[in-house]
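Q: Please take a close look at the contact between the two chains. I would like one connected account of that part.

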Amino acid sequence: MPPAAILIDGLVQSCIFMTMAFGMVLVFSILGILNWAHGQFYMLGAFVVYYAITAAGIPFPLSILISGMVVGGLGMLVEKYIIERLNIPGYGMLYVTVATLALIFFFEGAAGMAFGLMDKGLATVLPGVLDLGSFSVSYQKIAVIIFTIVILAAMYIVLNRTKIGLAIRAAAQEPVAASLYGISVKRVSLIVMGIGCALAAMAGGVMAPVYTVSPFMGRIPMIFSMLAIIIGGLGSLTGAIVGGIILGFLNSVIAYYVSYLSEFVLFLLVIVILLVRPQGLFGASIK
Amino acid sequence: MPYFDYKTWIPRIVIAVLITFFVILPILTTSVITLSIFISSGIWAIAVMGFTLILRTGQFSMGQAAFMALGAYTAAILTVNLGIPFWPSFLIAGIVSGIIAMLIGLVVLRVGGIYFSIITLAFGEIVRIFAQEMEGLTRGVRGIIPPQPPTIPLPGFEINFAASPVPYYYFMLLLAGVTSLVFWQIGRSRLGSTFASLALNPVLAEHQGIHLMKYRVIAFTIAGVFTGFAGAYYANFLSIITPLMFGLWQSIQIMMMSIVGGVSSMVGGAFIGATVLYTLDIYLSRLPIYNIQYLLFGAAVVLVLLFLPKGTGLVDLWGKLWRKIFREPEEYEMPEESEMAVE
């Protein structure tokens with residue numbers, strides 16, 4: 001049994017992967033594409049929070065909301081001007097994949113130019129630790145966990161109790177039938193992309209005090225949340241959450257035992273899961 | 001000659017002019033940098049052709065750089081650790097890479113679509129981590145320095161790889177030429193049509209008696225062999241192999257080169273995409289503002305995708321020009337590639 005600090009760290013990581021994977025699956029279920037630049041929205045969200053706190057002096061919770069709005073708007077722009085124009089039947093997956101991969105370079109270059117390549121710390125936010133006897137947890141990590149619970153609960157309510165949530169679920173199930181009932185699938189796509197990017201940005205923002213903020217911080221979470229939604233089952237929101245938990249915990253627990261080989265073991269595990277169950281843990285059977 | 005059929009002759013003349021230009025290029029310029037850019041672009045083009053071949057069967061590999069790494073490390077370990085001469089180990093590198101591609105393909109190609117992409121991505125990362133952590137074999141992040149090819153004595157003069165990049169350039173031309181011929185013939189042959197049928201409608205193709213797995217594995221293996229050659233040669237040209245030279249970002253680069261160049265032509269698109277993007281990358285990185293090259297590179301790729309007609313790449317501009325000059329009606333003979341719909 002690894003020490004509790006390792007488990008807490010795993011929990012924090014799974015929270016981030018869960019939130020990001022949730023947004024990715026939401027986007028996938030409506031648009032039918034994977035947004036490979038999701039990690040860069042995470043990075044931009046962290047930068048927005050960093051500058052909101054250090055330059056403007058906005059309190060931490062409020063700056064997370066601001067980063068969600070700003071980056072969500074950016075995501076909507078990306079959807080409207082790039083993804084929607086490339087997402088045509090037959091070629092969509094290919095072209096959107098390459099375009100969003102190119103956006104990774106674009107956003108990282110832009111962030112590096114605008115904010116510099118130095119790692120920026122935000123350790124002054126929520127200082128202090130919660131002492132739990134044999135181990136202690138920093139308030140920053142507790143904030144991440146609380147944030148994830150709140151955001152997933154909010155998403156549950158939005159998806160199941162509101163009109164827009166009904167529209168999103170309808171458009172995900174049957175786009176044609178949904179548009180016959182007066183739902184603009186185009187607008188739903190825009191909203192969903194905004195929500196997905198906002199989730200990623202807020203995850204980055206809440207994570208900013210725990211790690212450092214740098215233009216390249218989005219790559220690892222992007223790959224891991226991608227793996228999470230694949231092993232969880234593409235298009236399944238439960239799968240995204242479970243996949244995020246599995247990968248987050250395994251990442252820190254395996255790293256505790258075999259240090260550098262943890263990624264190796266994880267990737268091997270993903271391959272094995274996909275070979276045994278190609279549709280993912282919670283995906284519907286293909287055949 | 002009673003009738004001059006410009007439709008068949010003009011493309012041939014253009015290709016002949018291009019080939020002549022590339023053959024006499026070392027006479028026209030002695031700049032090491034220009035030659036290096038062309039050598040590297042040619043090597044990337046070989047890898048891109050492999051990617052395009054896999055794409056022709058409807059699969060989307062995100063780990064092609066891993067096969068470059070396999071080829072590069074095989075060749076280097078054989079020459080440095082086992083003392084095998086350069087040329088045999090170069091051949092063995094391609095073969096080893098092909099065999100590994102075949103084994104991986106036999107296991108992995110059962111799952112298609114996005115799952116195949118993710119598995120190849122994971123495989124690429126596994127190869128990179130393996131190379132990074134197996135210090136005893138690969139020297140980890142310090143990298144291996146592969147020896148240069150031996151001097152080949154010929155009557156009158158000798159080919160000295162250490163003195164200038166010109167021999168590297170000509171050997172790159174040879175390698176790229178052989179690869180282009182192979183892939184061009186595959187594209188024209190029955191095999192190529194079979195691949196296209198797999199991409200267009202796998203279910204129908206299977207019901208027509210085409211063994212899906214067999215042809216997917218064939219494509220993946222051929223791509224693996226040539227990508228391995230490309231990797232071995234690239235590492236040898238740069239005289240260094242580190243794990244980070246062939247990581248996920250290089251796989252992504254291969255993918256971008258293929259799509260930007262255009263996948264309707266197996267050979268031309270690869271060369272155009274690789275040359276344009278590699279040259280762009282090199283020249284952008286000379287700009288004085290730090291990090292601007294990533295921004296402009298990403299923007300350029302997105303703009304190309306946005307403003308070219310859908311389903312085409314830069315190589316199809318030739319066809320467009322052709323139709324404009326000769327006022328031919330638009331015809332779409334291009335096979336519809338890669339139905340990447342997730343079932």
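A: Two residues are in contact if their C-beta atoms, placed from the backbone, lie within 7 Å. On this basis, 37 residues from chain A and 40 residues from chain B take part in the contact. The model is predicted: local features need pLDDT of at least 70, side-chain atom pairs count only at pLDDT 80 or more, and totals for chains, interfaces and linings use all residues. Residues are numbered from 1 along each chain as its sequence is written, and chains are lettered from A and ligands numbered from 1 in the order in which they are written.

Helices are DSSP runs (H or I, at least four residues), numbered from the N terminus. On the side of chain A that touches chain B, two or more residues come from each of α3 (60-86), α4 (92-115), α9 (219-232) and α11 (262-276) of chain A. The largest share, 15 residues, is given by α4(A). By class, this side of chain A has 31 nonpolar, three polar and three charged residues, where Ala, Val, Leu, Ile, Met, Phe, Trp, Tyr, Cys and Pro count as nonpolar, Asp, Glu, Lys and Arg as charged, and the others, Gly among them, as polar.

Val98(A) is in contact with Met255(B), Met256(B), Ile259(B), Val301(B) and Leu305(B), leaving aside its neighbours within four places in sequence. Val98(A), Ala72(B) and Met256(B) have the most contacts inside the largest nonpolar core, which has 201 residues. Such a core is a set of buried Ala, Val, Leu, Ile, Met, Phe, Trp, Tyr and Cys residues joined through C-beta atoms within 7 Å; a residue is buried if 20 or more other C-beta atoms lie within 10 Å of its own.

In chain B, the buried residues of α4(B), including Phe90(B) and Ile100(B), pack against α3 (64-82), α5 (113-133) and α10 of chain B.

Key: Buried ≥ 20, exposed ≤ 12 C-beta atoms within 10 Å, placed from the backbone.
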